[in-house]
Structures are given as structure tokens and as C-alpha cells.
Amino acid sequence: MLENKDLKLFFDKLKTTKDSIRNISFFSILLLTGISPEEATKIKWSDLDFNNKSIKILRDEVIELPISHALANQLKTYYIVQKEKKVNSIYMFNATSSENEAISIDTFKSVYKNNSKNLKILGGLKAFQVTFIVESLKNNMSLHKIAMFTGHKRIDSLTIYKDLV
């Protein structure tokens with residue numbers, strides 16, 4: 001579970017990174033949708049619907065998740081920056097070696113590690129999903145809906161997070 005003050009410090013540090021808009025976009029997706037880091041690295045630009053503010057995630061089937069206005073705006077800004085840089089990848093987060101290859105999760109593990117030093121941020125990339133779950137429970141989101149976002153197949157596996165609320 002990430003505390004608001006630590007999240008703010010983490011995102012402030014991300015603003016100073018080489019690929020700041022990419023990094024902020026990636027970690028915003030994790031925090032605001034609850035999807036796994038692996039799912040986030042595989043998002044294609046065609047999976048985003050800016051008009052309907054939704055994102056498609058491929059699991060056993062394609063799941064369409066709503067996204068907030070703020071996240072839609074963040075991703076739209078990132079999209080514009082990518083186009084200005086003449087990056088024409090099908091993936092939102094493309095590998096540097098190939099525009100049409102998804103980025104390695106290790107890239108974001110490294111970004112996380114380098115920017116969470118000296119902060120009370122533990123749990124690796126999984127901490128963003130835990131934070132999403134706990135905040136969603138605080139806002140009375142149903143376990144069924146949380147499971148839809150996070151990909152948990154068993155709703156009862158989410159009950160352990162109720163103790164963190």
C-alpha cells in the first residue's frame with residue numbers, strides 16, 4: 001500500500017527521469033486501473049479509446065476498462081509527444097530496439113527501483129495494484145468490479161485487502 005505523500009514524492013522524482021512522460025504514464029496506468037505491470041507493457045495504442053475513456057486489456061478475453069478523465073489526458077499527452085518524436089509503434093510502451101516490440105517489464109522495474117530509493121515505498125510494482133485495490137475498497141467499489149480491473153479470477157482472494165482499509 002502506497003501512501004499519498006510517498007506517491008507524490010515518487011511521481012515528482014519521475015518528472016526528472018529521462019523518459020519522464022513515458023514513466024509517469026506507465027505508473028499512472030498501474031495506480032489508476034489496477035492492471036498488472038505485464039498487462040500495461042502490452043497495451044497497444046489501438047487498445048485506447050480517448051473518446052469513450054476506456055482501455056482494452058487482453059486476458060483470457062478482451063476486457064474493456066473505463067479510465068478516468070485525468071488518465072485519459074495523461075495518455076493523450078504521451079501519445080502526442082510520441083508522434084512529435086516520430087515514434088510510430090503499435091505499442092504504447094515500445095522497446096528501444098524496435099518500435100513494434102513491447103518494452104521489457106525490467107525497464108520499469110529499474111525505473112521503480114531507481115526512483116523509490118529513500119522513500120517509504122515497498123512491494124515493487126505490485127504495490128501499485130495493492131494501492132488501487134485498497135483505495136477502491138475505501139470508495140465502496142464492489143469486489144466483483146475490483147476483480148474485473150485487477151484480473152483476479154477469485155473474488156474471495158481480494159478479501160485479504162479489507163484489513164488494509
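**Exercise 1.** Is R22 buried or exposed?

*Solution.* The model is predicted, with local features needing pLDDT of at least 70 and side-chain atom pairs counting only at pLDDT 80 or more, while totals for chains, interfaces and linings use all residues. Residues are numbered from 1 along each chain as its sequence is written, and side-chain values use heavy atoms, leaving out hydrogens and water.

Step 1: take the cut-offs, which are under 20% relative accessible area for buried, over 50% for exposed and partly exposed in between (1.4 Å probe, protein chains only).
Step 2: R22 has a relative accessible area of 13%, so R22 is buried.
Step 3: R22 forms a salt bridge with D19, with 3.5 Å between the closest N and O atoms. A salt bridge requires a side-chain nitrogen of Lys or Arg within 4 Å of a carboxyl oxygen of Asp or Glu.
Step 4: D19 has 24% relative accessibility and therefore counts as partly exposed.

**Exercise 2.** Determine which parts of the chain the salt bridge between R59 and E39 ties together.

*Solution.* Step 1: the side chains of R59 and E39 meet at 2.5 Å, N to O.
Step 2: R59 lies in the loop between β2 and β3 and E39 in helix α3 (residues 37-41), so the bridge ties together parts 20 residues apart in sequence. Helices (H or I, at least four residues) and strands (E, at least two) are DSSP runs, numbered from the N terminus.
Step 3: R59 is partly exposed at 22%, whereas E39 is buried at 16%.

**Exercise 3.** Work out the strand order of the sheet and its edges.

*Solution.* Step 1: the open sheet has 3 strands in the order β1-β2-β3, paired antiparallel; two strands pair if DSSP finds at least two bridges between them.
Step 2: β1 (48-49) and β3 (62-66) each have a single partner strand, so one side of each has no neighbour in the sheet.
Step 3: 2 bridges join β1 to β2 (residues 54-58), and D49 stands opposite S54 in β2.

**Exercise 4.** Classify the aromatic pair of F10 and Y112.

*Solution.* Step 1: rings of Phe, Tyr and Trp (its six-membered ring) pair if their centres lie within 6.5 Å; planes under 30 degrees apart are stacked, over 60 edge-to-face and the rest tilted. The structure holds 16 aromatic pairs.
Step 2: for F10 and Y112 the centres are 5.9 Å apart and the planes at 55 degrees, so the pair is tilted.
Step 3: F10 is in helix α1 (residues 4-14) and Y112 in helix α5 (residues 105-115), 102 residues apart.
Step 4: F10 is buried at 0%, and Y112 is buried at 8%.
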